[in-house]
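Here is a friendly walk through a two-chain model, written for someone who likes to know the cut-offs. Please have a look at the sequence and structure first.

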Number of protein chains: 2
Amino acid sequence: MAQFLASELEALGAEVHQRPLGKQPGKEHLDLPPVVIARYGNDKNKRTILVYGHYDVQPALKEDGWATEPFQLTVDNQGRMYGRGSTDDKGPVLGWLNVIEAHRKAGVELPVNLLCCFEGMEEYGSEGLEEFIQAESKGFFKDADAVCISDNYWLGTEKPCLTYGLRGCNYYSVGVTGPAQDLHSGVFGGSAHEPMTDLVHVMSKLVDTHGNILIPGIMDLVEPLTEEEKALYPNISYTMDDLHQSLGSKTSIHPTKERTLMARWRYPSLSLHGIEGAYSAPGAKTVIPAKVIGKFSIRTVPNMESEDVNKLVFDYIKAEFAKLNSKNTLDVWLQHDGKWWVASPKHWNFTAAGKAVKQVFGVEPDMTREGGRYVF
Amino acid sequence: MAQFLASELEALGAEVHQRPLGKQPGKEHLDLPPVVIARYGNDKNKRTILVYGHYDVQPALKEDGWATEPFQLTVDNQGRMYGRGSTDDKGPVLGWLNVIEAHRKAGVELPVNLLCCFEGMEEYGSEGLEEFIQAESKGFFKDADAVCISDNYWLGTEKPCLTYGLRGCNYYSVGVTGPAQDLHSGVFGGSAHEPMTDLVHVMSKLVDTHGNILIPGIMDLVEPLTEEEKALYPNISYTMDDLHQSLGSKTSIHPTKERTLMARWRYPSLSLHGIEGAYSAPGAKTVIPAKVIGKFSIRTVPNMESEDVNKLVFDYIKAEFAKLNSKNTLDVWLQHDGKWWVASPKHWNFTAAGKAVKQVFGVEPDMTREGGRYVF
């Protein structure tokens, strides 16, 4: 796929390179797919837009429930295209080749210089991409004026949208240890402090059923809502029915679409993911697990700095555990963090994209944010 | 092994049968090992003692860490015997054959009639044994005056003990469901009620770190401690060091051996075992699980009747969930129960056993109870 993309781009007159990803410690022996980078146009009087996409896809088998062969592009009688990657993200990548080709055939000059960055490791967490982009920011990408990420979705099915923000994610583990090995609850139940009891108590102090984060100070880090931002929400093409349909249930927390979208995009949330080391199979086992590790994460938003969030989380959890007066041992640590990102929806890049959408689809796009990257 | 036992018993002059276990629905096609039953002596002027043991063992491989071949009985230079089942429970079963043989060789009449019940499914939960014994209680076992279970341990390493009680176990599942499928916490975190949050809150209301059961009414069902029973504890050969050694840590709840043994034997306990349906692997996954099932069990003691315990548990959990005001759905159910058992340590069966222990070991045995059967 990398070679195909490179050849096609070259045939269209672009300058193309295939470059290795940034080095990942311990993975030097892997033959990872290259990043295809390209330049089309080099006019100093034009702005330069860097477009991102990925040519790798998730696995797919016809047996998974596909109506057509997943790796054979099939077009139905309404012109809809089916095949793995048709939306995520081979289709959008090829769209850029179509853009260049269409302009060339029509004899219309592109109004910008294009830089392309098409990677092949997105579905595996884009490992090494950040290091690659950092390095090329002073190299091949040095004159990029703005970036366009071609790997996104519409919020609903009615209107295109432009994304101007993304929540970050701080993922935590909280471990409680007691005995040296798992115990039998018949023999030891009632005579020893149980790590599961302590962990469940601590986890119950993090968030309530209405999604309120119970860790003091977290909400103080959140950028207040301005009237200007608030005004963006009512027009967004989204309904509570859309939410209920994607949930497959009516277990929504908020009564309105505005509050729902704000909860997803511009406020933090805390989710409890599970417990490692406890009994998780079907059926019954009367174990007292010796060591359990709770997993939870906080979706972060402006202006929550990771270190500030960590300190609040660690201090609070240790204080709550201390209140229990247990002889067990607790530790809490950050597994990983990914920073939030937000841009101004009034930036010229969005204005230009909005005009283009209006011209093609006949409607103004919704200005949206994202709740989280799928990789996290 | 069944055939070997049967032949040996016959050679000693016993009446022996090999009988199939009680029928287990759905398992009729399995060729389960038979119960070896036997009678030795039929003197109407003697009491009749039914002895129980099992001839099956857990699997064992030398690679598991055995110093000798697990299925080859090895005797060291101090006369200690090593081999799978030497204590649990082939050794004790063969002990009864040795008893008969020794009496015959010495020309001493056994003071009782013996009935034997040696099964081969104990390590798989003794499936079908209860039905078998129920049926034979009016048949082969009909004149049994008392039972001796030869499948137990000393509490410590110093003194033999006689067990006069066992806690029961009520094992519960509490399920919380919300969305129709697992959700991504980036997209839905903050906008939908999360089943894990609700479950962790409910589970945190069941027991505290000091082992106190928080379900109102449970402790009212417990038989009060009498002075007579209390007096049994101080003499028992057990120390807090014994507990700490078996825990592999000093995470004991109670300061004294008396309170520790009471917590294990004569008071109920509640253990949280784990959560099914949540993320339980190492690493990180930002899932909002759609359906989670918490597992916990209560060790029961006199006079806790299972139905009374269930009602208190179900009512309390439903009330605690209602307080959360969640749109998710909760259900709680009993997975299985096993009843506690307690006998009088002054019964003639224990008096006789105590005298026999004194004669052989030179010390009075400790009168102990058990915290729970291993199968539960």
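## About the model

This is a predicted model, so to speak of local features pLDDT must be at least 70, side-chain atom pairs count only at pLDDT 80 or more, and totals for chains, interfaces and linings use all residues. Residues are numbered from 1 along each chain as its sequence is written, chains are lettered from A and ligands numbered from 1 in the order in which they are written, and side-chain values use heavy atoms, with hydrogens and water left out.

## Where chains A and B meet

Across the interface, 79 residues of chain A are in contact with 79 residues of chain B (contact means heavy atoms within 4.5 Å). The area buried between the two chains is about 6100 Å², and carbon and sulfur atoms give 54% of that; buried area is the accessible area (1.4 Å probe) lost by two parts on being put together, summed over both. T209(A), T251(A) and H273(A) supply 10% of the area that chain A buries against chain B, more than any other three residues.

Between chain A and chain B there are 54 residue pairs in polar contact, both residues being at pLDDT 80 or more. A polar contact is a pair of N or O atoms within 3.5 Å; within protein, one must be able to donate a hydrogen and the other to accept it, and residues adjacent in sequence count only if both atoms are side-chain atoms. Strand β11 (residues 269–276) of chain A gives the most to the side of chain A that touches chain B, with 8 residues. Helices (H or I, at least four residues) and strands (E, at least two) are DSSP runs, numbered from the N terminus.

Which residues of helix α3 (residues 129–136) of chain B are buried? They are L129(B), F132(B) and E136(B), where buried means under 20% relative accessible area, exposed over 50% and partly exposed in between (1.4 Å probe, protein chains only). These three lie on the same side of α3(B), because they cover an arc of only 60° around the axis, the arc being that of the directions from the helix axis to the C-beta atoms. On the other side, E130(B), Q134(B) and A135(B) are exposed.

The cover over the buried residues of α3(B) includes β1 (15–19), β2 (35–40), β3 (48–54) and β6 (113–119) of chain B.

## A buried arginine

R266(A) sits in the loop between α8 (257–265) and β11 of chain A, and counts as buried because its relative accessibility is 2%. Its side chain makes a polar contact with the side chain of E229(A) at 2.8 Å, and the side chain of R266(A) also reaches the backbone oxygen of P224(A) at 3.3 Å.
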